[in-house]
Amino acid sequence: MGFPSSFLETIAKSLPGSTPLQLKESKTYEMALVNLKTNNSIPNIHMHTGNNSFRYSPDDGANWFSIALSTGSYDIEDINNEIQRQLRLNKHKTKIIIDANRATLRATLTLARLYQVDFNVVNYSINTVLGFKWQIYTFGMITNGYTEGEHIVNIIRINSILVNSDINHGSYVNGTQQSSIYSFFFPADGPGMKIIQTPKNLVYLPVILRTSNRMQTYLNDQDGRHIDLRGEHLTIRFHLREV
């Protein structure tokens, strides 16, 4: 072949070096993902996407205080631990408990007398994760201070991670043509663990650009939302070949 198969590695979403990638106009090329490496730092609670806070009252609604979680990767226990920490920081008793009913896949809320929780925090409520309604919950309106969320928890809204490159095309996601070159399920391993993807069978997609000195590579989820790696290094290796 006139153009040999080449391995391209993108680190920090850019082609290495300053020499542009130049392909022959008379030839056809295709590319596949060889491997991907990063760390699982993907948050499910985010300060800027509006799912990290609620208000509470320790005195039957006379005074209200806010609890806001920092951006991070939380399970139900982590959420409850942070709530307890902030209650103590506010010099209040730890009388608001978030737990999980694993049989029903719903979050549970336990309140002491006089305590109230308000999930009706516009644009920032953690109820979208926990499955509670946009409302105030009081001790009197729930059975002995205990209730379950009205909906199944949505602790991780990402099902699939899609790898996209702006120099190829030919894939379809939900019936729409996109630049996704590879996809994989959200990793089962917890935060901080390595994410390593090495497909057994390479899937090649057509390359649409002939000259490029920067290849934009990015990750999004099954709904097209950007994947926030929170500064973790992302290393992707591609195989480019002439067909």
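Which side-chain oxygen reaches to within 3.2 Å of the backbone nitrogen of Glu77 at the start of H1? I looked there and found that the oxygen belongs to Asp75.

I note that this is a predicted model, in which local features need pLDDT of at least 70 and side-chain atom pairs count only at pLDDT 80 or more, while totals for chains, interfaces and linings use all residues. Residues are numbered from 1 along each chain as its sequence is written, and side-chain values use heavy atoms, with hydrogens and water left out.

**Helix H1**

I next checked the length of H1, where 14 residues at 1.5 Å a residue should span 20 Å, and its end C-alpha atoms are 20 Å apart, which agrees; the expected span is 1.5 Å times one less than the number of residues. I then looked up burial (under 20% relative accessible area, with a 1.4 Å probe and protein chains only), and the buried residues of H1 include Ile76, Ile79, Ile83 and Leu87. The buried residues of H1 pack against strand S4 (53-57), strand S5 (65-68), S6 and helix H2 (127-130), where contact means heavy atoms within 4.5 Å. After H1 I came to Lys91, whose phi is positive, near 65°.

**The largest pocket**

I turned to the largest pocket, which holds about 660 Å³ of space and is lined by 34 residues, with Pro43, Asn44, Tyr74, Ile155 and Ile156 nearest its centre. Sorting the lining by class, I recorded 16 nonpolar, nine polar and nine charged residues. Helix H1 (76-89) and strand S6 (96-101) each supply at least two lining residues, and the largest share, three residues, comes from H1.

A pocket here is an open set of points on a 1 Å grid over the protein atoms alone, where a 1.4 Å probe fits, with protein on both sides within 12 Å along at least five of seven lines, and lining residues have an atom within 4 Å of a point.

Terms used: Grid points are joined across faces, edges and corners, and a volume is the space filled by probe spheres set on the points. Helices (H or I, at least four residues) and strands (E, at least two) are DSSP runs, numbered from the N terminus. Ala, Val, Leu, Ile, Met, Phe, Trp, Tyr, Cys and Pro count as nonpolar, Asp, Glu, Lys and Arg as charged, and the others, Gly among them, as polar. Buried means under 20% relative accessible area, exposed over 50%, partly exposed in between (1.4 Å probe, protein chains only). A polar contact is a pair of N or O atoms within 3.5 Å; within protein, one must be able to donate a hydrogen and the other to accept it, and residues adjacent in sequence count only if both atoms are side-chain atoms.
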